[in-house]
Number of protein chains: 2
Amino acid sequence: MQVTILGGGGFLGRKLAARFAADGAIGGKPITGLTLFDLNQPAPLDAPFPVRCLAGDVADTATLKAAIPPGTAIVIHLAAVVSAAAEADYDLGIRVNITGTQALIDACRALPAPPRVVFTSSVASFDGGQDAMVPDEGRQLPTNSYGAQKAIGELLLADATRRGFLDVVSIRLPTVMVRPGRPNRAASSFVSAVVREPLLGLPAQFPVPEDFRVWVCSPRRAVDWLAHAAGMDTAPLGRDRGINPPGISATIGEMLDALAAVAGPEARALAKRVPDAEVEAIVAGWPAAFAATRAPGLGFVRSESLEDLVRAFIADDLDATRRDRGMA
Amino acid sequence: MQVTILGGGGFLGRKLAARFAADGAIGGKPITGLTLFDLNQPAPLDAPFPVRCLAGDVADTATLKAAIPPGTAIVIHLAAVVSAAAEADYDLGIRVNITGTQALIDACRALPAPPRVVFTSSVASFDGGQDAMVPDEGRQLPTNSYGAQKAIGELLLADATRRGFLDVVSIRLPTVMVRPGRPNRAASSFVSAVVREPLLGLPAQFPVPEDFRVWVCSPRRAVDWLAHAAGMDTAPLGRDRGINPPGISATIGEMLDALAAVAGPEARALAKRVPDAEVEAIVAGWPAAFAATRAPGLGFVRSESLEDLVRAFIADDLDATRRDRGMA
Ligand SMILES: NC(=O)c1ccc[n+]([C@@H]2O[C@H](COP(=O)([O-])OP(=O)(O)OC[C@H]3O[C@@H](n4cnc5c(N)ncnc54)[C@H](O)[C@@H]3O)[C@@H](O)[C@H]2O)c1
Ligand SMILES: NC(=O)c1ccc[n+]([C@@H]2O[C@H](COP(=O)([O-])OP(=O)(O)OC[C@H]3O[C@@H](n4cnc5c(N)ncnc54)[C@H](O)[C@@H]3O)[C@@H](O)[C@H]2O)c1
């Protein structure tokens, strides 16, 4: 079984590829080859099957077809222009997040059999803000271009599924924390920074009040959900291919408390509020909590505690982040 | 004030143009010029202001810009590939219904001031079928490509509105009946045919049982709603630019009863059920009723009775339909 990860050089793409390499199989079926596709050629990966690393633009149909050869049974579509970047450059967001998804559909139609597609949609495709508790059948009324483009991607892929071009599972990921490395162009970048930077001994800034609530999950859970979506039976989903996975609704203060419990009050003291109207305007619209009642019954595992989430970052990513930032 | 109607040669486009010509103004502001744009050059129109009739493809950005010159204050976007056609030709539906809407957004961005855009979305963007009573905040989980493309158009235009490129009102039109002329490629074509054909003395077929319920409105009301949306204050809409207008939930049997009340039992006897699995599969998903509680408060007038709707067709369109079909 051939597998392709689009955006395979990114944060979740690398982690998912490592998971596939460790498992050697998806849903009990052995992986015979993996293609990692990203704007810049992804680094090689040790795996019990051949790994191809390709550079290319997901919005370019011809290049994309090379990344999704005949025999591809699973495509994980992570390639995206993220929230603050899509807000800053409308045309770039449209091209990558919409035209790119249309190109993916065209590539899947050209295959002899419809592949499973796992799409990462986002909490940002919903509105409601701090008071929201989004039900599983909640409507998507996005407050930013990134969220609109993710909702559009879901509609395109659900219709392509109905037509038999492919078989999608769209996971509306919470804000994944703790993200290793450096701050990025996601408006939610500060959510990871308030834990990561203090663990590196560095100061961190957050633009919202301490009681600001965010819907989050760990990278471990995000990878669990993506791997599960890649292998699951989709018949129980029916036409509704959007999954609100069981994340954690937590305030910045609760995250800092978990940081303090694991790394001491000195770590907590490194994080300070510095208002930023632009970022606040984007994240204020995102719902702070989801009911997420359907996903556990479909086999999507529940989130761990905030303290475990901080410990997992230390175990999995702290050293690599130090090296990456020239601190080791 | 310059006004453009895209799809201005179609059923609703012609009727709306005639309404603008009769009113001479929209929302109290005089119309200084009207552009009718369609695949085939629309026929000339008598009006108290200059009327340009242009042929072109809405998905072609350069052509579209010519149809939306600087000074355009209102664009009515009716150009579309309708339900059965979008189901039969996926690429055509994507190109006209999505790429066309993206081209419209680009043309609006190029204007010195953001124009009002009135977009005709559809009941087909919802699911739920016969048992549904869709609330105003109901989510769109379309059961066909046309409906998915309409929902995507709404998302694109709402985001473009938020960004200040334009100012959209999206009206999810019910099935408009009685449509004059000939049967068309909309899956709902039979809904008009069961009234129109008997009034012409011709037999009509419907693919669903007599107790099959449809959400409908008259062309008069559809034109009222489009004209109102063109001139209304959009501030009360907030971010939610989708309007479920107050249509009528009626069974085929009730339509035939209205036909009999107006034109006698002989007319009713001309309509017969002939099952058609393909059409039934499309229309079975469309919701049969909407709560439509928000629209009347926003100034969208309520629908008339079914009998008045039949009488309006006789008054407005029966003679023209006879001529059009070489029967007069
Ligand atoms: N991390 C989160 O908190 C989070 C939350 C919700 C949704 N998501 C979604 O999950 C997916 C993965 O997230 P991530 O955190 O790994 O993001 P990331 O930015 O680390 O990875 C995305 C990858 O896509 C690549 N990419 C961008 N444009 C491309 C193009 N035109 N062609 C090919 N590749 C391109 C980037 O180079 C990058 O490597 C994204 O779709 C993101 O929108 C992430
Ligand atoms: N009539 C209904 O029952 C109904 C119900 C719901 C929604 N709508 C929507 O309302 C709008 C108008 O409906 P209508 O009944 O007048 O349809 P129509 O088919 O009579 O008119 C649509 C017009 O769009 C034109 N068109 C198609 N492709 C084009 C392209 N590429 N470039 C330029 N023009 C193009 C067609 O030539 C046609 O004249 C459509 O968007 C339709 O989807 C109609």
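Student: Before we start, how are residues numbered and chains lettered?

Tutor: Residues are numbered from 1 along each chain as its sequence is written, while chains are lettered from A and ligands numbered from 1 in the order in which they are written. As this is a predicted model, local features need pLDDT of at least 70 and side-chain atom pairs count only at pLDDT 80 or more, whereas totals for chains, interfaces and linings use all residues, and side-chain values use heavy atoms, with hydrogens and water left out.

Student: Which residues are closest to its centre?

Tutor: Of the 46 residues that line the second largest pocket, those closest to its centre are Leu78(A), Ala80(A), Val82(A), Arg179(A) and Asn184(A). Elements that give two or more residues to this lining include α1 (11-23), α4 (90-109) and α5 (145-162) of chain A, and the largest share, four residues, comes from α1(A). Helices here are DSSP runs (H or I, at least four residues), as are strands (E, at least two), numbered from the N terminus.

Student: And how does the lining split by class?

Tutor: The lining of the second largest pocket has 23 nonpolar, 16 polar and seven charged residues. In this scheme Ala, Val, Leu, Ile, Met, Phe, Trp, Tyr, Cys and Pro count as nonpolar, Asp, Glu, Lys and Arg as charged, and the others, Gly among them, as polar.

Student: Where does that pocket lie relative to the domains?

Tutor: Domain 1 (2-174 + 217-243) and domain 2 (189-214 + 248-324) of chain A both give residues to the lining of the second largest pocket, so it lies between them; the domain bounds come from an automatic or database domain assignment.

Student: Back to α1(A), how far does it reach?

Tutor: Helix α1(A) has 13 residues and reaches 19 Å from its first C-alpha to its last, close to the 18 Å expected at 1.5 Å a residue, where the expected span is 1.5 Å times one less than the number of residues. Its buried residues (under 20% relative accessible area, with exposed meaning over 50% and partly exposed in between, using a 1.4 Å probe and protein chains only) include Phe11(A), Leu12(A), Leu16(A) and Phe20(A). Just after α1(A), Gly24(A) takes a positive phi of about 70 degrees.

Student: What about α1 in chain B?

Tutor: The 13 residues of α1(B) should span 18 Å at 1.5 Å a residue, and its end C-alpha atoms are 19 Å apart, which agrees. Among the buried residues of α1(B) are Phe11(B), Leu16(B) and Ala21(B), and Gly24(B), just after the helix, takes a positive phi of about 70 degrees.

Student: Which residues are joined by cis peptide bonds?

Tutor: In chain A, a cis peptide bond joins Met177(A) and Val178(A), with omega about 5 degrees, and Val178(A) sits in the loop between β9 and α6. In chain B, a cis peptide bond joins Met177(B) and Val178(B), with omega about 10 degrees, and Val178(B) lies in the loop between β9 (175-176) and α6 (189-199).

Student: Where is Ala292(A), and is it buried or exposed?

Tutor: Ala292(A) is in the loop between α10 (277-283) and α11 (294-297) of chain A, and it is buried, with a relative accessible area of 5%. Its phi is near 50 degrees, a positive value in a residue other than glycine. As for Ala292(B), its phi is near 45 degrees, and at 5% relative accessibility Ala292(B) counts as buried.

Student: Last one, how many disulfides are there?

Tutor: A search of the whole structure finds zero disulfides over all chains, a disulfide being a pair of cysteine sulfur atoms within 2.5 Å. Cys108(A) is buried, with a relative accessible area of 1%, and Cys53(B) is buried at 18%.

Notes. On a 1 Å grid over the protein atoms alone, a cavity is a set of points where a 1.4 Å probe fits but cannot get out, and a pocket is an open set with protein on both sides within 12 Å along at least five of seven lines; lining residues have an atom within 4 Å of a point.
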